[in-house]
Amino acid sequence: MPAMIKLASMLALGSACASVWVVSASEFVQNGGFGEGVKWWSIPPSGLYKFENNGGYNGSQGLVFRNTDVKKTAPGYPGQALKLKPGQQYKFTGRVRAKKSSAEGAEFKVFMLIDVKGADGKWMCEYWSETVSDTSNDWIRVNGKTSPLPPEGVTFSVRPIAVGAGEAAFDELSVEQLETDPVQAIASSVYRDTAWTGKVRFDAHLAIDTGRTPISAFKASFSFPDDKGATVKVPAESFDELGAAITIDVAELPMGAYPISFELRDLTNALIGSKTLTFTRTAERPARKVWIDEHNRCVIAGKPFFPLGFYHSNITPEILDIYCKGPFNCVLPYMS
């Protein structure tokens with residue numbers, strides 16, 4: 001069933017007006033209960049994932065994972081392609097049951113995720129649900145939520161995943177579109193929103209569903225104070241359903257810290273959404289041991305620093321000792 005999104009009519013609350021965005025609880029996953037077996041799903045050939053009668057919630061058919069070898073990893077994961085929209089947010093949920101292997105050294109993680117690929121088929125990003133390792137033989141529900149999907153996203157998939165040694169079962173997987181704030185955030189192009197010279201770009205990150213309401217029904221503007229304290233309001237230099245931006249020479253902005261605001265309004269001037277950040281103009285660069293310069297380089301103690309290292313799952317003191325003996329200078333763990 002396709003998502004049903006409505007831009008509700010104006011609501012007058014006293015003298016104030018606002019537009020309300022409503023999203024129905026629409027379903028995007030086909031055969032999320034696995035009652036039709038493999039239909040709609042791609043299953044890796046490892047043999048670790050199987051459809052079983054009585055393997056699902058309340059005795060229904062479900063997707064079951066079994067692996068007893070602590071050294072074996074699954075080459076690939078089940079998945080289903082979804083028709084999702086870039087710029088929109090989604091909630092995903094499912095019932096899972098997990099039992100970790102009792103073998104020495106066993107690790108086990110069970111979760112759901114939505115992954116995103118670009119036009120070239122390459123992986124772009126992914127969003128995880130909560131992760132469980134042992135549910136004491138009980139069925140529990142895990143939930144996840146995406147941020148607004150990236151505009152370059154082309155292929156979206158939902159995946160039930162088990163990693164490590166143990167037994168897991170999945171059932172009642174679903175994905176629903178969330179109500180999305182059309183104005184997601186505002187950001188600046190300078191480190192810590194602080195500048196002393198040059199130009200700074202301010203970007204508003206948007207999520208407007210132009211399939212329902214054309215971009216021509218909105219207007220976008222940025223506001224900032226002048227050196228006398230009056231508010232200057234200027235239209236965005238660029239504006240589409242995913243973002244709006246303006247570039248300002250720092251010399252035109254007053255000294256000190258103050259708000260830079262973005263507003264999205266309809267053609268009646270009713271406020272649809274807004275976001276604000278605190279920007280600071282200083283006379284010279286603040287004295288910092290570490291900062292990001294105008295070329296987006298990491299600078300430490302006045303010298304450019306190039307981070308070179310690995311992503312990792314869990315970091316232990318033993319693993320860190322090995323890293324310290326090599327040529328790498330950073331490590332980013334997926335887990336806390």
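Strand β23 pairs with strand β24 (residues 298-300) in the antiparallel sense, and three bridges connect the two. The model described here is predicted. Within this pairing, valine 290 has isoleucine 300 of β24 as its bridge partner. The two strands belong to an open sheet of three strands, arranged in the order β23-β24-β25 with antiparallel pairing. The edges of this sheet are formed by β23 (290-292) and β25 (303-305); each has a single partner strand, so one side of each is left without a neighbour in the sheet. On average, and with direction ignored, neighbouring strands of this sheet are turned by 35 degrees against each other. Strands of a sheet pair through backbone hydrogen bonds, in either a parallel or an antiparallel arrangement.

The loop between β24 and β25 contains alanine 301. This residue has a relative accessibility of 64%. Alanine 301 therefore counts as exposed, the cut-off being over 50%. Isoleucine 260 is 41 residues away from alanine 301 along the chain, and the C-alpha atoms of the two are separated by 30 Å.

Of the 336 residues in the protein chain, 40% are buried. Among contacts in the protein chain with a separation of 6 or more, 64% are between residues 24 or more positions apart.

Strand β12 (155-164) is mostly covered, with eight of its 10 residues buried. Two antiparallel pairings of this strand were examined. Strand β7 (residues 80-82) is joined to β12 by three bridges and runs antiparallel to it. In this pairing, leucine 82 has phenylalanine 156 of β12 as its bridge partner. Strand β9 (residues 108-117) also runs antiparallel to β12, and 10 bridges join the two. Here valine 110 has alanine 162 of β12 as its bridge partner. In a regular strand, side chains alternate between the two faces of the sheet.

Two threonines in loops were considered next. Threonine 146 lies in the loop that connects β11 and β12. With a relative accessibility of 3%, threonine 146 counts as buried. Apart from neighbours within four places in sequence, threonine 146 is in contact with Gln88, Gln89, Tyr90, Phe92, Ile114 and Tyr127. Threonine 135 is placed in the loop between β10 (123-128) and β11 (140-145). Its relative accessible area is 8%. Threonine 135 is therefore buried, since the cut-off for this class is under 20%. The side chain of threonine 135 reaches the backbone oxygen of aspartate 138 at 2.7 Å. When residues up to four places away in sequence are not counted, threonine 135 touches Arg97, Ala98 and Ile140.

Aromatic side chains were examined across the whole structure, and the search found 12 aromatic pairs. One of these is formed by phenylalanine 310 and phenylalanine 328, which are edge-to-face, at 4.8 Å centre to centre and with 70 degrees between the planes. Phenylalanine 310 lies in strand β26 (residues 309-312), whereas phenylalanine 328 lies in the loop between α1 (317-324) and β27 (330-333), so the pair ties together parts that are 18 residues apart in sequence. Phenylalanine 310 has a relative accessible area of 43% and is partly exposed. Phenylalanine 328 also counts as partly exposed, at 33% relative accessibility. Elsewhere, Phe34, Trp41 and Phe51 form one aromatic cluster.

Arginine side chains are also found over aromatic rings. Arginine 95 lies over the face of tyrosine 57, and its distance from the ring centre is 3.9 Å. Arginine 285 lies over the face of tryptophan 291, at 3.8 Å from the ring centre.

Conventions:
Residues numbered from 1 in each chain as written. Predicted model: local features only at pLDDT ≥ 70, side-chain atom pairs only at ≥ 80, totals over all residues. Heavy atoms only, no water. Phe/Tyr/Trp six-rings, centres within 6.5 Å; stacked < 30°, edge-to-face > 60°. Helix = DSSP H or I, 4+ residues; strand = E, 2+ residues; numbered from the N terminus. Buried < 20%, exposed > 50% of the residue type's maximum accessible area, 1.4 Å probe, protein only. Lys NZ or Arg CZ within 6 Å of the ring centre and 35° of its normal. Pairing = 2+ DSSP bridges. Axes fitted to C-alpha atoms, helices over the stretch in contact; angles between N-to-C directions. Polar contact = N/O pair within 3.5 Å; in protein donor to acceptor, adjacent residues only side chain to side chain. Contact = heavy atoms within 4.5 Å.
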